[in-house]
Amino acid sequence: MQKAILFDLDQTLLDRNTSLIKFVEWQVNFFQLVSQENKQAFITRFIELDNNGSVWKDVVYSQLLEDFNIKTFSVENLLESYINDFNKFCRPFEKVPETIQNLYHKGHKLGLVSNGKSPFQENNFYALGLKEFFSTIIVSEAVGMRKPDRQIFEYACKKLGCTPNECIFVGDNHKADIEGANNAGMRTIFFHPNPSINSALADEKILHYEQLETAINKLESFILE
C-alpha cells in the first residue's frame with residue numbers, strides 16, 4: 001500500500017503569522033508608509049484586517065490607506081508588492097524541513113492542498129524549499145475546487161495514486177482541513193502550536209513537528225488493519 005500524506009500550507013507547513021509580520025514590517029519601512037511611531041499600529045491593523053488570510057489584500061490595503069491617511073501609494077501599488085514580495089519572507093514552522101525529508105526518504109508520498117490564489121500560493125510554498133519532496137501541489141484557484149469540498153481531497157488522492165482511506169491529511173483548520181478530509185474518507189492530524197486549540201473531529205493532534213511521525217505511525221497502524 002502506498003503511504004500518502006497531504007498537507008495544508010498556511011499555518012501548517014508555512015508559519016504564515018510570523019512570515020506576514022516580517023513582510024509587513026519590511027513593506028512599511030521600504031515604502032515609508034507611516035512614521036516609525038505609527039508602525040506597530042499599522043502592522044496590528046493589517047493583521048486584524050487580514051483575518052488569518054481570509055480577506056484578500058485589496059480590501060485590506062484599501063482600509064489601511066483610509067485609516068492612516070496614506071496618499072503616496074495606491075492599493076494597486078501595495079497589492080503588487082504583496083503578490084511579488086511576500087514569498088521572500090515565507091518561513092516554515094520549526095522542524096518542518098527535517099520532518100518532510102524524513103517522511104519522503106521513508107517512502108511516503110507527499111502532497112499539498114491549499115486554498116488560495118494561484119500562482120501566489122505556489123510561490124509561497126516554493127519559498128520553503130520543499131518542492132522536490134512533493135508529488136503534487138494543488139491550489140484551489142488553479143483547480144476550481146476549494147476545501148472543505150470533498151472533491152478537492154479526492155482529486156489530490158488521484159494525483160498521488162491512492163484512495164482517501166489510504167491517505168492522511170495534516171492541517172490547522174477544523175472546517176476546511178479536518179472536517180473536509182474526514183468527509184472524503186481520510187484520517188486526519190490537527191496541527192496547532194497552541195494546546196488550548198483543538199479539533200474534536202481529528203484522529204490525532206500535534207503541537208510540534210517532532211510529534212508528527214509518531215502520530216502518522218499510529219494512524220497507519222489503523223489503516224493497515
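P119 lies in the loop between β2 (109-114) and α6, where helices (H or I, at least four residues) and strands (E, at least two) are DSSP runs numbered from the N terminus. The peptide bond that joins S118 and P119 is cis, with omega at about 10°. The structure is a predicted model, in which local features need pLDDT of at least 70 and side-chain atom pairs count only at pLDDT 80 or more, whereas totals for chains, interfaces and linings use all residues. Residues are numbered from 1 along each chain as its sequence is written, and side-chain values use heavy atoms, with hydrogens and water left out. A cis peptide bond also joins K147 and P148, with omega at about 15°, and P148 is found in the loop between α7 (140-143) and α8 (150-160).

Two residues other than glycine have a positive phi. Q11, in the loop between β1 (4-7) and α1, has phi near 60°, and at 16% relative accessibility this residue counts as buried (under 20% relative accessible area, with exposed being over 50% and partly exposed in between, for a 1.4 Å probe and protein chains only). N51, in the loop between α2 (39-50) and α3, has phi near 50° and counts as partly exposed at 44% relative accessibility.

In helix α4 (residues 75-85), the buried residues are V75, L78, L79, S81, Y82 and D85. Seen down the axis of α4, these residues fall within an arc of 155°, so they line one face of the helix; the arc is that of the directions from the helix axis to the C-beta atoms. Among the elements that cover the buried residues of α4 are α1 (16-31), α3 (57-67) and α6 (120-126), contact meaning heavy atoms within 4.5 Å.

Strand β5 (residues 187-191) is largely enclosed by the rest of the structure, because four of its five residues are buried. Four bridges join strand β4 (residues 167-171) to β5, and the two run parallel, strands being paired if DSSP finds at least two bridges between them. The bridge partner of F169 in β5 is T188. From β4 the chain crosses through helix α9 (residues 174-184) to β5 in a right-handed β-α-β crossover, that is, with the strands pointing away from the viewer, the path from the first strand over the helix to the second runs clockwise. Strand β5 is also joined by three bridges to strand β6 (residues 204-206), again in parallel, and F190 stands opposite K205 in β6.
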